Amino acid sequence: MELQATVYDSSYSNLLAQYASIHIACIAHDHTIATFVPPLSRAKILTWWQDRANEVISGFREVLFVLAPDEPRIVIGVVMLSKPQAETGPFRGMVEKLLVSPKWRKKGVGKALMKGLEDIARAKGKTLLVCLVVKPDNGDADRL
């Protein structure tokens, strides 16, 4: 079964707590540099995701997620497309927070998220995607 990314809208607001859980797992498991540092506050991270959901509504960003194929209510990965409003770069999009649950790594989740993100970026006129990869030896992230 091929994994597919779903574009977040407000009807999926019940999933935000799962985005926060994946965010926390990636920081705890990999020491990912992803906005927050330990000790982690679940409430603070959940509020941060609620703020990102509001940015989706305002049109500033897109959020995509992948659900587990065997448990369709379980989020296993998330990514964001930021759409900067600069006059000098309306074609540019920023890939942010590509986070995959440690239990679901190397199973195509990141690839599905990036394919979905590229499709929506193209549809929104974003022909140049920029992504900051922090770890220089992170071959998996570099390949995506």
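The following paragraphs describe the fold, the surface and selected local features of a predicted protein model. Residues are numbered from 1 along each chain as its sequence is written, and side-chain values use heavy atoms, with hydrogens and water left out. In this predicted model, local features need pLDDT of at least 70 and side-chain atom pairs count only at pLDDT 80 or more, whereas totals for chains, interfaces and linings use all residues.

The protein chain contains 4 helices and 5 strands (DSSP runs numbered from the N terminus: H or I of at least four residues for helices, E of at least two for strands). Their order along the sequence is β-α-α-β-β-β-α-β-α. The radius of gyration is 15 Å, close to the 15 Å that the globule rule gives for 144 residues, so the chain is as compact as a globular protein of that length (taken over C-alpha atoms; the rule is 2.2 Å times the number of residues to the power 0.38). The C-alpha atoms fill a box of roughly 40 × 30 × 30 Å along the principal axes.

Of the 144 residues, 38% are buried (under 20% relative accessible area; exposed is over 50% and partly exposed in between, with a 1.4 Å probe and protein chains only). Among contacts between residues at least 6 apart in sequence, 59% join residues at least 24 apart (contact means heavy atoms within 4.5 Å).

Helix H3 covers residues 109-123; at 1.5 Å a residue its 15 residues should span 21 Å, and its end C-alpha atoms are 21 Å apart, which agrees (the expected span is 1.5 Å times one less than the number of residues). The buried residues of H3 include Val109, Leu113, Leu117 and Ile120. Strands S1 (5-7), S2 (61-67), S3 (75-82), S4 (92-100) and S5 (128-131) pack against the buried residues of H3. Just after H3, Gly125 has a positive phi of about 80 degrees.

In helix H2 (residues 42-58), Arg52 is buried, with a relative accessible area of 11%. Apart from neighbours within four places in sequence, Arg52 contacts Arg61 and Met80.

Most residues other than glycine have a negative phi, and most peptide bonds are trans. The loop between helix H1 (16-30) and H2 holds Pro39, which a cis peptide bond joins to Pro38, with omega about 0 degrees. Thr35, also found in the loop between H1 and H2, has a positive phi near 80 degrees and is partly exposed, with a relative accessible area of 48%. In strand S4, Lys97 has a positive phi of about 50 degrees although it is not a glycine.
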